[in-house]
Amino acid sequence: MTAEPARTPVDAGVVTRLGSGGPWEALYGYSRVVRAGSLAITAGCTSTVDGRVAHAGDAAAQTAQAIRIGLDALAEVGAGPADVVRTRMYVTDRIYADEVGRAHNAVFGLVRPVATMVVVAGLIDPDLLVEVELEAYLPDR
């Protein structure tokens, strides 16, 4: 992870913004993960690894990869899988819903965060089938 700025004061707390060095973060001006007090939120995570789509054509594997990327980002700000309270999954076709949901369950089945799955027209790369966002709650610093 790379810091972009490392810490920004907000009200009485501190906001930490970290990037992963992914190809779109600097180009589009966003962070991979932001922690603001007790809340940690990831940007949309896909199965893009080293600038390329991993697991083309396999929605379950893309979901597992995207979740790993999101959890790695959350770990950088002190959150683990058990801290996740909300997930959002964006799939490019409803035919992927079951395999995406089952991949989600493999990680979060015991945690049971609130979750949303939405079918979208497409993602930034046509080989991407799913994008995932994670939100975690942690005690105040």
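Which hand does the crossing of helix 2 and helix 3 have? It is right-handed, where a crossing counts as right-handed if the near helix is turned clockwise from the far one by less than a right angle, and as left-handed if anticlockwise. Before the details, a word on the model itself. This is a predicted model, in which local features need pLDDT of at least 70 and side-chain atom pairs count only at pLDDT 80 or more, while totals for chains, interfaces and linings use all residues. Residues are numbered from 1 along each chain as its sequence is written, and side-chain values use heavy atoms, with hydrogens and water left out.

Now for the overall layout. The protein chain has three helices and nine strands, taken as DSSP runs numbered from the N terminus (helices: H or I, at least four residues; strands: E, at least two). Going along the sequence, the order is β-β-α-β-β-β-β-α-β-α-β-β. Of the 141 residues in the protein chain, 38% are buried; here buried means under 20% relative accessible area, exposed means over 50%, and partly exposed is in between, with a 1.4 Å probe and protein chains only.

Back to the helix pair. Helix 2 covers residues 59-76 and helix 3 covers residues 97-108. The two pack at an angle of about 40 degrees, and their axes are 8 Å apart. The axes are lines fitted to C-alpha atoms, for helices over the stretch in contact, and the angles run from 0 to 180 degrees between N-to-C directions. Helix 2 and helix 3 are therefore oblique to each other, given that angles under 35 degrees count as roughly parallel, over 145 as roughly antiparallel, 65 to 115 as roughly perpendicular and the rest as oblique.

Next come the charged pairs. With a salt bridge taken as a side-chain nitrogen of Lys or Arg within 4 Å of a carboxyl oxygen of Asp or Glu, the count is four. One of them joins R88 to E133, with 3.3 Å between the closest N and O atoms. R88 sits in strand 7 (residues 84-91) and E133 in strand 9 (residues 130-137), so this pair ties together parts that are 45 residues apart in sequence. R88 also meets E135 in a salt bridge, at 2.7 Å from N to O. That pair, too, links distant parts of the chain, with R88 in strand 7 and E135 in strand 9, 47 residues apart. As for accessibility, R88 is partly exposed because its relative accessible area is 22%, whereas E135, at 13%, is buried.

D98 has 48% relative accessibility and so counts as partly exposed, while R102, at 58%, counts as exposed. Elsewhere, salt bridges with shared partners join R88, E133 and E135 into one network.

On the surface, L27, Y28 and I124 form a nonpolar patch with about 350 Å² of accessible area together. Such patches are made of residues with over 30% relative accessible area and no salt bridge, with nonpolar side chains (Val, Leu, Ile, Met, Phe, Trp, Tyr) joined within 5 Å and like charges within 9 Å. The areas come from the Shrake-Rupley method with a 1.4 Å probe, and for residues only the protein chains shown count as cover. L27 belongs to helix 1 (residues 25-28) and, at 61% relative accessibility, counts as exposed. P23 is in the loop between strand 2 (13-19) and helix 1, and its 44% relative accessibility makes it partly exposed.

Two loop residues have backbone angles worth a look. Most residues other than glycine have a negative phi. D50, although not a glycine, has a positive phi of about 55 degrees. D50 is in the loop between strand 5 (48-49) and strand 6 (52-53), and its relative accessible area of 78% makes it exposed. R112 likewise has a positive phi, near 55 degrees. This residue lies in the loop between helix 3 and strand 8 (114-119) and counts as exposed at 69% relative accessibility.

Finally, V84 is found in strand 7 and counts as buried, at 2% relative accessibility. V84 and V114 are 30 residues apart in sequence, and their C-alpha atoms are 9.0 Å apart in space.
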